[in-house]
Amino acid sequence: MDKLIITCAITGSLPRKKDNPATPISSQEQVQSWAECYLAGASILHFHVRDDTENPCLDKNKFQHVIEVVRKSIIINDTILQPSTGGRSGAGIQRGCFLDLQPEMASLTPSSVKLDAFSNGVYENPSDLVDYLAKKMLEYNVKPELEIFSEFQINDALRLRDKNYIKEPIHFQFVFGIKGPDALDASEKKLDQLIAKLPNGSTWTCAGVGRYQLEVNKWAIKHGGHVRTGFEDNIKYDKDTLANSNAQLVERIVRLSKESGRAIATPKEARQMLNLPY
Ligand code: MG
């Protein structure tokens with residue numbers, strides 16, 4: 001089996017210091033948290049940024065600060081940067097405010113989807129905005145990670161490909177453990193069905209939200225995909241204990257993957273598997 005690529009989603013839009021004091025909020029905390037994850041074996045840094053009141057925001061300067069500090073570091077400059085264009089931080093084309101800084105990747109949700117955790121029960125991704133973000137990514141050589149919350153979104157991703165707004169091979173992420181009318185069934189059987197629908201040559205990662213994180217990570221290791229962990233999806237180490245850092249979650253994935261016979265990809269190997277640069 002291919003080596004395992006580990007993404008760490010260090011911050012996200014939801015967890016706060018009051019939920020887990022180790023949640024990295026400031027740019028400085030984010031870089032420090034990421035450095036620990038990188039040294040533990042993660043290759044891809046997925047991140048959102050927060051304002052001074054811990055609210056998610058679309059402050060380009062904050063994205064730029066993290067990107068520049070990582071790029072200038074002599075230790076973690078090989079990181080694959082993957083900022084989020086997610087909708088909890090704000091609306092409209094500002095969601096792509098950092099794309100001209102040319103991170104190697106960015107997340108892209110291909111369509112709107114009914115999920116309970118969003119206001120009015122819908123995660124809004126209007127098609128004109130999705131088209132705009134995809135085209136900007138193409139222009140700046142930023143490879144999208146297609147966020148799949150529901151099975152129909154695979155077809156929405158393929159429509160973007162058919163319009164030549166995204167290039168193959170496509171990298172998908174399946175998000176399990178969210179509730180809502182359109183949400184994926186959190187089951188291994190569903191994962192198999194999703195994998196079967198992907199075009200040849202695609203790569204995929206799984207994220208599991210909340211208590212599903214570890215179980216979903218294990219499925220991905222077993223089925224030949226890649227893993228996302230981190231506080232964005234889950235702030236606990238087990239049912240009764242908060243994780244003491246993002247790196248602690250990464251370290252567990254490294255251990256589980258090696259035990260099951262899959263070595264961990266370096267950033268260089270991850271770039272080869274993901275066909276980077278885009
Ligand atoms: Mg995210």
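This is a predicted model: local features need pLDDT of at least 70, side-chain atom pairs count only at pLDDT 80 or more; totals for chains, interfaces and linings use all residues.

Q: Which residue of β5 does Leu45 stand opposite?
A: Leu45 faces Leu81 there.

Q: And which way do the residues of β2 point?
A: β2 covers residues 44-47, with Ile44 and His46 pointing one way and Leu45 and Phe47 pointing the other way. All of them are buried.

Q: What other strand does β2 pair with?
A: β2 also pairs with strand β1 (residues 6-9), in the parallel sense, over 3 bridges. In that pairing, Ala9 stands opposite His46.

Q: What unit do β1 and β2 make with helix α1?
A: Together with helix α1 (residues 27-40), they make a right-handed β-α-β unit.

Q: Are His46 and His48 buried or exposed?
A: Both His46 and His48 are buried.

Q: New topic: pockets. What is the volume of the largest pocket?
A: The largest pocket comes to about 420 Å³.

Q: How many residues line the largest pocket, and which lie nearest its centre?
A: There are 25 lining residues, and Arg88, Phe149, Ile178, Arg228 and Glu232 lie nearest the centre.

Q: What classes do the lining residues of the largest pocket divide into?
A: That lining has 8 nonpolar, 11 polar and 6 charged residues.

Q: OK, and what about the second largest pocket? What is its volume?
A: The second largest pocket has a volume of about 170 Å³. Its lining includes Gly210, Arg211, Gln213, Leu214 and Arg252. By class, its lining divides into 2 nonpolar, 3 polar and 5 charged residues.

Q: Which element gives the largest share of the lining of the second largest pocket?
A: That's β13, with 3 residues. β13 spans 236-238, and α6 (213-223) also supplies at least two residues of this lining.

Q: How many cavities of 30 Å³ or more does the count come to?
A: The count comes to 1 cavity. The largest cavity has a volume of about 30 Å³.

Q: Which residues line the largest cavity?
A: They are Gln213, Leu214, Asn217, Thr229, Leu249, Arg252 and Ile253. Gln213, Leu214 and Arg252 also line the second largest pocket. Both α6 and α7 (246-259) supply at least two residues of the cavity lining, and by class that lining has 3 nonpolar, 3 polar and 1 charged residues.

Q: Last one, back to strands. Which strand is β6 joined to by bridges?
A: β6 is joined to strand β9 (residues 143-148) by 4 bridges, and the two run parallel. Leu108 has Leu146 as its bridge partner in β9. In β6 (residues 105-108), Met105 and Ser107 point one way, Ala106 and Leu108 point the other way, and all are buried.

Note on methods: Residues are numbered from 1 along each chain as its sequence is written. Side-chain values use heavy atoms; hydrogens and water are left out. Buried means under 20% relative accessible area, exposed over 50%, partly exposed in between (1.4 Å probe, protein chains only). Two strands pair if DSSP finds at least two bridges between them. On a 1 Å grid over the protein atoms alone, a cavity is a set of points where a 1.4 Å probe fits but cannot get out, and a pocket is an open set with protein on both sides within 12 Å along at least five of seven lines; lining residues have an atom within 4 Å of a point. Grid points are joined across faces, edges and corners, and a volume is the space filled by probe spheres set on the points. Ala, Val, Leu, Ile, Met, Phe, Trp, Tyr, Cys and Pro count as nonpolar, Asp, Glu, Lys and Arg as charged, and the others, Gly among them, as polar. A crossover is right-handed if, with the strands pointing away from the viewer, the path from the first strand over the helix to the second runs clockwise.
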